[in-house]
Amino acid sequence: MSLFSVNAILVISTDDRSRILTRYYSAPHAPPGSSNHPGANPYPSVKEQKVFEKGLLEKTNKQASDVILFDGRVVVFKMEGDVMLYVVGGGDENEIMLFGVVLALRDALAILLKNSTDKRTLVENYDLISLAIDEIIDDGIILETDPVVVASRVSKPPAQDITSVKNIDLSEQGLLNAWEFGKLKLAERMRQL
């Protein structure tokens, strides 16, 4: 049993079979002389990754279930609009735990993107997807599966806070006024002491 339970997380478009976001993980501290240890990256080159992704998309395109065994790996997936979300684990991994990860990703993206999980929206909000995946998984280790917690850690600041910044006068006169106001308030505080 190992902490490194996720080998890859994939977000692939079903329309044109393009990669939107893919992350392959390998354990940062591999045992010396071992290439098949828990947490090892089974697809080290981009060519091998694309071959794996193509075969995976072909196999899962018409599947009714959400869990399959593909290339000796447990793969759980969910389809959202025109996008497939995959979580790939080792052949002996707990599929319920991996399914919790894919559900956490799907629900966090639904919260962050306001239920608009399609290819165009995902590409436009690539930063949010990347941060959400980083909050859920780190180097193949599952950190968080609560989508509300993930979304709260990733979400942008509220828009009303940003609009108040626009009303600040940053001209020379505005800065002088702010300086004089600060001096006046400091002098009043000093007199009170």
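Predicted model: local features only at pLDDT ≥ 70, side-chain atom pairs only at ≥ 80, totals over all residues.
Entry 1: I began with the strand order. The sheet is open and has five strands, in the order β2-β1-β5-β4-β3, with antiparallel pairing. I then looked for the edges. They are β2 and β3 (67-70); each has a single partner strand, so one side of each lacks a neighbour in the sheet. On average, neighbouring strands here are turned by 20° against each other, direction ignored.

**Entry 2: β1 and β2.** I looked up how β1 (residues 6-13) pairs with β2 (residues 19-24), and found five bridges in the antiparallel sense. I9 stands opposite R23 in β2. The hairpin of these two strands has five residues between them. There I noted R17, which takes a positive phi near 60°.

**Entry 3: β4 and β5.** Next I checked β4 (residues 73-80) against β5 (residues 83-89). They run antiparallel and are joined by seven bridges. I looked up E80 and found its bridge partner, V83, in β5.

**Entry 4: α4 and α5.** I turned to α4 (residues 126-136) and α5 (residues 147-154). They pack at an angle of about 130°, with axes 9 Å apart. That angle makes α4 oblique to α5. The crossing is right-handed. I listed the contact: L128, L131, A132, E135 and I136 in α4 meet V150, R153 and V154 in α5. Of these residues, six are nonpolar, two are charged and none is polar.

Key: Residues numbered from 1 in each chain as written. Heavy atoms only, no water. Pairing = 2+ DSSP bridges. Helix = DSSP H or I, 4+ residues; strand = E, 2+ residues; numbered from the N terminus. Axes fitted to C-alpha atoms, helices over the stretch in contact; angles between N-to-C directions. Parallel < 35°, antiparallel > 145°, perpendicular 65-115°, else oblique. Left-handed = near helix turned anticlockwise from the far one by under 90°. Contact = heavy atoms within 4.5 Å. Nonpolar A, V, L, I, M, F, W, Y, C, P; charged D, E, K, R; others polar.
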